[in-house]
Amino acid sequence: MKHRIPGPLLALALAAAAAPLAAHAESFPLPADGDLIGEHVDIVAAREDTFIDLARRHGLGYEELIHANPGVDPWLPGEGRVIRLPKQRILPDAPREGLVVNLAEHRLYYFPPAKAGEPRVVITHPVAVGKMDWSTPVGLTRITQKVKNPPWHPPESVRAARAARGEILPRVVPPGPDNPLGTRSMRLAIPGGAYLIHGTNDPRGIGMQATAGCLRLYPEDIESLFELVPVDTPVNIVNQPHKVGWRDARLYVEVHPPLESTDGRVVEPGRTELARLVAHAVRARPAAAVAWQRAESA
């Protein structure tokens, strides 16, 4: 049987609107034998729409819409323009339990325990991740604390960076509309710093490399997730620009731009890494025949 790789599933990321929105947690049945969730959706833009508005409204990131709609003006798509919402995804290559965050994808996945008599699901949200000098550490950790309306204690490195721009940050920012942590935070057991999963008072950077190492969600998303995730939930942070996965008799590949490094350059995994991932997937199904030209086009 021939297995083919459709065109690349494009990367995801975003920004946001200012008005409060209803939580748009995307919940999908967890594939019993496969790796894909969701389907792409096409919508028609209204005259006032921007990619920032559309991304937050549909649980995406600004960069996700950019990649999925090349050549479209993100600030003025135009009334009647068909916009692709990249809603189909390959699950990261990680155990499907607790929270899994793929930094290169700028996306969080939550695999809650199965409820009695019900199939398992996966819930996903876009996130902002650490930028260059403040990269988010990869590895396995867990939730150690949950706080509503948390105060913010800016790290000294952040206070120094702001001071260099003439902005003096206090040592503690109390809860309220000026607090960058938003209304909810969940602390991670990562040594060497105060790494949090939290909300924000400025959602424009969601889905980008935009934080000082924390994982930042839309306000409505963190409030929804906060109620679902208990303390001691495992959190697996990975960096997978390339993902491969099966759905039925087809092998898919998903490619995201690599994260920027501390010197501003990008570390490109390249076609060798993609070829290794595809070959590994095919070994599990020896009858597969791969369209390598399409894989390289990704």
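Q: What is the volume of the second largest pocket?
A: This is a predicted model: local features need pLDDT of at least 70, side-chain atom pairs count only at pLDDT 80 or more, and totals for chains, interfaces and linings use all residues. Residues are numbered from 1 along each chain as its sequence is written, and side-chain values use heavy atoms, leaving out hydrogens and water. A pocket is an open set of points on a 1 Å grid over the protein atoms alone, where a 1.4 Å probe fits, with protein on both sides within 12 Å along at least five of seven lines. Probe spheres set on the points, joined across faces, edges and corners, fill the volume, which for the second largest pocket is about 400 Å³.

Q: Which residues lie closest to the centre of the second largest pocket?
A: Lining residues have an atom within 4 Å of a point. The second largest pocket has 21 of them, and the closest to its centre are Asp93, Lys243, Val244, Leu277 and His280.

Q: Which elements give two or more residues to the lining of the second largest pocket?
A: Helices (H or I, at least four residues) and strands (E, at least two) are DSSP runs, numbered from the N terminus. Two or more lining residues come from strand 17 and helix 5 (270-283).

Q: Which residue forms a salt bridge with Lys243?
A: A salt bridge puts a side-chain nitrogen of Lys or Arg within 4 Å of a carboxyl oxygen of Asp or Glu. Here the N to O distance is 3.4 Å. Lys243 sits in strand 17 (residues 242-247), and its partner, 11 residues apart, is in strand 18 (residues 250-255). That partner is Glu254.

Q: Is Glu254 buried or exposed?
A: Buried means under 20% relative accessible area, exposed over 50%, and partly exposed in between (1.4 Å probe, protein chains only). Lys243 has 3% and counts as buried. Glu254 has 0%, so this residue too is buried.

Q: Why are Glu156 and Arg159 about one helical turn apart?
A: The two form a salt bridge, with the closest N and O atoms 3.4 Å apart. Glu156 is partly exposed at 47%, while Arg159 is buried at 17%. They are about one turn apart because they lie three residues apart in helix 3 (residues 156-164).

Q: Which element supplies the largest share of the lining of the largest pocket?
A: The largest pocket holds about 920 Å³ of space and is lined by 37 residues. At least two residues each come from several elements, including strand 11 (139-148) and strand 12 (184-188). The largest share is four residues, from helix 3.
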